[in-house]
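These are my notebook entries on a two-chain model. I list what I looked up, entry by entry.

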Amino acid sequence: MGYGQIPRLRAFTAKLAGLFGPRRRDSDFDDEMQAHLQLLMDRFVAIGMSPEDAAAAARRQFGNTTLLQEDRRELRTLVSVEDIVRDLRYALRSLGRSRAFTAVAIATLGLGIGASTAIFSVIDNVLLEPFPYKDAGRMVFPRIHDTARAEEGERQGYTSNEFLEFASQNHVFDAVIGSSDDLVLYKNGEGVEQLYGADVTPGAFEFFGMPALYGRVMQPADYQPGAPPVFVMRHKTWMARFNGDPGVLNKIFVLNGAARMLIGIMPPRFGWFDADVYIPETPVPGPSTGFAGLPARWFLLGRLKPGVSKAQAAADANVIANHLAKINPQNFPAHFQVLIKTVGDTVVAQLEPTLYTVLAAVGLLLLIACGNVANLMLARATSREKEFALRAVLGAGRARLVRLLLVESLVLAISGAALGVLLAWGGLKSIVAAMPQDMIPAESVIALNAPVLAFTFVVSILTTLIFGLAPALQAARRDLNDPLRDSGKAVLGGFRTGRMRDTIVVMEVAVSLTLLIGAGLLMRSFVALREVHLGLQADHVFQTLLPLPADRYKTAAQVSGFFQPLLARVKAIPGVLDATESSALLPSGGGDSKIEISGKSHDNEWHAMLQNISEGYFRVLRIPFKAGRAFTETEIHDARKLAVVNETFVSSYLRGEDPFGRRVYLAGLETLADPVREPWFEIVGVVADVTNNGLQGAVQPQVWVPYTVTGSEVQALLVRSQQTPMALMNDVRQAVWATDPGVALAFPNALEDRISQQLYAGPRFGFLLMTIFGCLGLVLVTIGVYSVLAYATARKTHEIGIRMALGAERADVLRSVIKAGLRLVTSGVAIGLIVSLLLGRAIQAELAHDVKPYDPLTLAGTTSLLIATGALACWIPARRAARVDPMVALRYE
Amino acid sequence: MTDAKKSEVLQGTLDLMILKTLHALGPQHGFGIARRIEQVSRDVLHLNEGTVYTSLLRLLQQKWIAAEWGTSDNNRKAKFYSITARGEKQLALETENWERISGVVGRVLRLEGER
């Protein structure tokens with residue numbers, strides 16, 4: 001009976017249904033057949049046979065039941081377990097026989113799968129599931145965006161009044177909580193140590209939905225007036241400071257001079273606000289003082305009601321903010337808009353493009369790996385032609401052969417995946433070490449986990465299909481007779497699967513070039529960033545914040561009463577060249593202030609960055625003066641209203657005019673807890689620009705004024721020394737304690753390290769990973785080119801022998817093999833160049849301003865690198881071919 | 001040995017015979033089909049009756065026949081098979097094929113014999 005295409009499809013679907021359908025159909029048939037046998041037997045008994053004879057006769061007439069059952073199973077099922085086991089055993093045996101092939105294939109796949117697993121772990125833990133909190137996807141915060149400015153507005157902190165207004169008047173949040181920075185001095189024996197605290201409003205822990213690891217979290221009762229003061233500690237801090245000693249639980253600690261009981265240790269992944277300790281605090285209406293004498297600011301976090309979109313929330317928040325702006329216009333820009341951001345937006349935004357670029361790169365790498373293995377399989381399949389033909393002749397169906405080869409591929413892929421997981425596990429540690437720490441949410445733990453392993457599993461199945469299917473189909477398509485007749489040595493270049501292998505190599509080269517160009521561009525970009533002149537000399541500078549206890553340091557006189565003796569003490573430390581006060585840790589330019597300039601009128605708002613300093617500032621950082629002079633020690637001591645501005649300030653607001661004698665009005669100083677009255681400052685100096693807006697941002701106008709004009713600001717100490725900066729830390733701490741034992745160093749660091757971490761770590765991370773993966777790609781491609789050529793020349797030994805016997809020179813043979821190889825490489829290069837140019841726009845965002853995606857130097861460099869490596873990969877098989885002894889080659893016949 | 005004179009049933013022809021049987025007699029159970037083929041072939045064909053069931057499964061998968069539980073003449077529960085519309089179409093097609101091929105084969109065999 002003719003079984004055409006459609007009936008075959010129908011049979012396939014029936015089998016597919018049989019795969020999931022009830023198993024009872026087999027027993028139905030058994031019952032039917034039993035009944036049939038019984039009926040036959042009855043007939044034989046009826047014609048006078050004995051029951052035994054009748055049973056035997058019935059069985060004879062019915063036929064072999066076992067055989068029938070097998071036939072039926074074959075009809076009904078796609079794959080039987082026994083077949084799979086048989087295929088598996090066969091695959092292992094056959095792979096074990098060609099060890100070199102197996103090793104290269106598994107290593108190649110392991111590299112590809114390992115790299116993609118590692119990167120996917122990072123992406124999963126940093127981008128996809130960074131926060132362990134309840135409904136983290138609905139946790140959002142409002143941000144006031146000044147529509148007059150291009151960049152997204154800065155303000156995301158709210159006064160107590162604003163916080164209470166948002167919390168009570170909104171219609172879009174299930175719950176609203178606030179967190180506020182709180183530098184906590186923890187009294188530890190003779191001195192004090194700095195802890196980074198977060199004040200959290202009632203309901204904060206219910207909001208996060210995480211129970212404590214030990215003890216308990218804050219409860220509503222802890223917020224009641226008169227409740228015993230308590231706090232909760234983060235796991236990391238507990239491990240680092242108390243070695244994970246459970247005995248500290250329920251102990252009393254002196255925090256900022258007040259006794260508090262430690263009631264709970266949070267689980268390791270709780271890291272909200274990146275704080276060490278969490279302190280209950282209820283916002284009350286009215287002005288309040290927070291960190292460094294600045295008005296208290298609450299970072300507001302709301303959980304969107306189910307089904308409420310960010311746009312709806314923004315509309316609602318806009319209404320509230322506009323109401324607040326009417327009451328307190330000075331707290332809001334003239335024109336603004338409220339943006340709603342999710343917590344994920346804050347931390348990962350910078351890292352996201354880098355990570356996805358790298359993931360794409362790793363995907364390409366995996367493709368190259370698949371290409372290589374496919375090629376190796378094709379080559380192997382070609383030399384196994386006879387084996388397959390024999391199997392086919394002996395009755396193996398096409399599907400059966402394909403399945404056999406796919407099982408082999410699957411064994412390779414699974415082994416590769418196992419190796420890959422091992423590699424990823426090791427590699428993750430180095431990736432995490434290279435990652436820019438500030439960009440990773442404190443909550444995310446980068447590790448292999450269930451989703452990542454599932455990803456790896458899916459990847460390995462996919463790779464099996466990619467590299468296994470083509471060779472399997474090719475092998476199974478063969479004509480039965482052909483290979484059996486063929487002696488296995490093609491004459492005159494005729495091996496049939498050649499074109500497919502060539503295509504794969506060309507594609508590999510193209511992909512690898514794309515990767516290399518990407519890596520090259522990122523490297524160029526990184527170098528370009530390194531060459532950006534910061535405008536200051538960052539080496540040998542130690543800096544630290546010195547948060548002064550708010551109760552004893554309120555006025556300018558109190559603050560300078562601390563800093564003047566401290567600066568004298570620090571300058572006396574051996575090796576210290578100079579020291580200065582500063583209201584900001586570098587590299588950031590301090591706060592922003594609205595300004596006016598005497599004798600100038602303007603329509604739009606004028607802004608400048610504002611920083612308070614002492615006279616040593618420009619000497620410590622070696623910032624050169626363009627005109628005028630620095631403050632003198634006396635001017636600082638007398639808190640004279642003088643200002644130094646940067647060149648951009650002059651070119652933005654006083655272009656072509658004499659800045660000296662002009663006075664600048666600094667609005668920001670009027671609203672401090674210790675306000676400056678009549679904040680008009682006379683310009684006495686102009687300094688060269690210093691990067692104050694990131695490496696790629698335009699320098700902002702900046703103003704420096706004496707720190708002695710106000711008692712409320714952030715206070716930091718910057719020290720230039722001869723020795724390595726961090727070696728100073730102990731001496732500086734002693735100097736601080738000698739001045740006031742109740743003050744601790746906060747965020748002490750070496751300026752150079754901090755710059756490298758804040759400005760270069762991101763680009764360096766991207767370029768490092770891309771370079772590593774680019775090099776891996778190059779190695780894989782080299783293996784690919786080599787293996788294809790080696791295989792081709794080995795198959796052609798006979799032909800080469802004939803040619804040489806007929807008078808071909810060794811050089812001719814060498815040339816022809818290298819030419820064949822280079823033809824593949826150059827075709828791949830051409831395609832790779834085109835693809836890179838097309839993809840250029842995708843990578844543009846990652847690059848420094850003056851590096852273009854078609855940067856000729858990068859293109860030329862990577863192209864020649866690839867061609868040179870390709871030539872090397874051709875050279876070895878070519879030389880082997882040229883060494884062929886015609887006599888030996890022909891004797892094989 | 002009378003068995004030696006019986007022909008083995010050709011694969012595929014059994015499918016055709018079952019279709020024809022169901023077409024001619026209406027719904028039948030497996031035993032009934034086997035009896036009918038035995039009867040019609042007048043003991044010329046040797047039928048391993050178990051293969052009927054393999055054939056039935058194959059026909060079921062192609063949806064050329066359908067199966068239904070019912071009660072046989074002697075009150076046993078049995079599965080009854082009936083030909084579907086699709087099966088009727090296939091039967092017509094296959095019958096035509098068969099007649100053409102068997103005609104050709106017959107002619108060729110006669111030629112052989114006349115030589």
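I took helices (H or I, at least four residues) and strands (E, at least two) as DSSP runs, numbered from the N terminus. The model is predicted, so I kept to its limits: local features need pLDDT of at least 70, side-chain atom pairs count only at pLDDT 80 or more, and totals for chains, interfaces and linings use all residues. Residues are numbered from 1 along each chain as its sequence is written, while chains are lettered from A and ligands numbered from 1 in the order in which they are written.

**Entry: Tyr278(A)**

I looked up Tyr278(A) and found it in strand β9 (residues 277-280) of chain A. Is Tyr278(A) buried or exposed? I call a residue buried if 20 or more other C-beta atoms lie within 10 Å of its own, exposed if 12 or fewer, and partly exposed in between, with C-beta atoms placed from the backbone. Tyr278(A) has 26 C-beta neighbours inside 10 Å, so it counts as buried. For contacts I required C-beta atoms, placed from the backbone, within 7 Å. Leaving out residues up to four places away in sequence, Tyr278(A) touches Ala198(A), Val200(A), Phe231(A) and Val232(A). I also checked Ser180(A): it is 98 residues from Tyr278(A) in sequence, and their C-alpha atoms are 9.8 Å apart.

**Entry: nonpolar cores**

I defined a nonpolar core as a set of buried Ala, Val, Leu, Ile, Met, Phe, Trp, Tyr and Cys residues joined through C-beta atoms within 7 Å. The largest one has 127 residues. Phe231(A), Val232(A) and Val277(A) are among those with the most contacts inside it. This core draws at least three residues from each of domain 2 (149-332) and domain 4 (548-743) of chain A; the bounds come from an automatic or database domain assignment. Another core lies apart from it, with 98 residues, including Met435(A) and Tyr791(A).

Most residues other than glycine have a negative phi, and most peptide bonds are trans. I found a cis peptide bond between Leu586(A) and Pro587(A), with omega about 0 degrees. Pro587(A) sits in the loop between β13 (576-582) and β14 (591-597). Asp274(A) is not a glycine, yet has a positive phi of about 55 degrees. Its place is the loop between β8 (258-265) and β9. Asp274(A) is partly exposed, with 15 other C-beta atoms within 10 Å. Glu678(A) has a positive phi of about 45 degrees. It has 9 C-beta neighbours inside 10 Å and so counts as exposed.

Chain B has four helices and four strands, in the order β-α-α-β-α-β-β-α. Of its 115 residues, 30% are buried. How many residues does each chain give to the contact? Chain B gives 20 residues and chain A gives 19 residues. On the side of chain B, α3(B) gives the most, six residues.

**Entry: α1(B) against α3(B)**

The axes of α1(B) and α3(B) come within 10 Å and cross at roughly 75 degrees. I used lines fitted to C-alpha atoms, for helices over the stretch in contact, with angles from 0 to 180 degrees between N-to-C directions. Angles under 35 degrees count as roughly parallel, over 145 as roughly antiparallel, 65 to 115 as roughly perpendicular and the rest as oblique. The two helices α1(B) and α3(B) are therefore roughly perpendicular. Residues making the contact include Leu14(B) and Ile18(B) of α1(B) and Val52(B) and Leu59(B) of α3(B).

Technical notes
Contact = placed C-beta atoms within 7 Å.
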